[in-house]
Amino acid sequence: MYIVHSTFVVPDEKADEVIAIYHSRSGLVDRAEGFQRFLLLQNEKKPGEITVHMEWDTKAHFMTWIQSDDYKRIHDLEKKYPDQELASIIPSIDKYKVVAY
């Protein structure tokens, strides 16, 4: 299994807005080969810290996803988000190979 975390920080007062965006996400990644699960995590002590957690069968499946047209389409939409403060946030990406269950 391969896990990817994309963590970004937004102003605390905009956290609910960002969470709402993810509640209405396209779901395109859900149909990608090798995709297992999506979770949106909010830090309990820092409400503006949001992490997208994705689980994949393998690193190769994730790499295929990020080279796909659907991935590019989703991220192009993010760049056009009306709130430019949110659109300009660059996440921190962490990738993990699961080595034990």
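Which strand does Ser 6 lie in? Read on through the views below, all taken from a predicted model.

**View 1**
Ser 6 belongs to strand E1. Is Ser 6 buried or exposed? With a relative accessible area of 15%, Ser 6 counts as buried, because anything under 20% falls into that class. Leaving aside residues up to four places away in sequence, Ser 6 touches Ile 50, Thr 51 and Val 52, and also Pro 91, Ser 92 and Ile 93.

**View 1. The whole protein, for orientation.**
Let's step back for a moment. The protein has 4 helices and 4 strands, and along the sequence they follow the pattern β-α-β-β-α-α-α-β. The radius of gyration is 14 Å, close to the 13 Å that the globule rule gives for 101 residues, so the protein is as compact as a globular protein of that length. Take the contacts between residues at least 6 apart in sequence: 67% of them join residues at least 24 apart.

**View 2. The largest nonpolar core.**
Now for the inside. In soluble globular proteins, nonpolar side chains tend to be buried together. Here the largest nonpolar core has 20 residues, and the ones touching the most other members are Phe 35, Met 54, Trp 56, Phe 62 and Trp 65. Strands E1 (2-9), E2 (35-42) and E3 (49-56) each supply at least two residues of this core, and so do helices H1 (15-23) and H2 (59-66). Which element gives the largest share of this core? That would be E3, with 4 residues.

**View 3. Trp 65 up close.**
Zoom in on one of those core residues, Trp 65. Not counting residues up to four places away in sequence, Trp 65 touches Leu 28, Val 29 and Ala 32, then Trp 56, and then Asp 70, Tyr 71 and Ile 74.

**View 4. Lys 14 in its loop.**
Look for Lys 14 in the loop between E1 and H1. Is this lysine, Lys 14, buried or exposed? Lys 14 is buried, with a relative accessible area of 16%. What does Lys 14 touch, once residues up to four places away in sequence are set aside? Asp 83, Glu 85 and Leu 86 are its contacts.

**View 5. Gln 84 in helix H4.**
Gln 84 sits in helix H4, which covers residues 84-87. Gln 84 is partly exposed, at a relative accessible area of 49%.

**View 6. Arg 37 on strand E2.**
Arg 37 is part of strand E2. Its relative accessible area is 40%, so Arg 37 is partly exposed. Arg 37 touches His 53, Met 54 and Glu 55, again not counting residues up to four places away in sequence. Ile 89, 52 residues from Arg 37 along the chain, has its C-alpha atom 24 Å from that of Arg 37.

**View 7. Surface and charges.**
Buried residues, for their part, make up 33% of the 101 residues. There are 13 positive and 17 negative charges, and their mean positions are 6 Å apart.

Notes
Residues are numbered from 1 along each chain as its sequence is written. This is a predicted model: local features need pLDDT of at least 70, side-chain atom pairs count only at pLDDT 80 or more; totals for chains, interfaces and linings use all residues. Side-chain values use heavy atoms; hydrogens and water are left out. A nonpolar core is a set of buried Ala, Val, Leu, Ile, Met, Phe, Trp, Tyr and Cys residues joined through side-chain atoms within 4.5 Å. Buried means under 20% relative accessible area, exposed over 50%, partly exposed in between (1.4 Å probe, protein chains only). Contact means heavy atoms within 4.5 Å. The radius of gyration is taken over C-alpha atoms; the globule rule is 2.2 Å times the number of residues to the power 0.38. Lys and Arg count as positive and Asp and Glu as negative; His and the chain ends are not counted. The place of a charge is taken as NZ of Lys, CZ of Arg, CG of Asp or CD of Glu.
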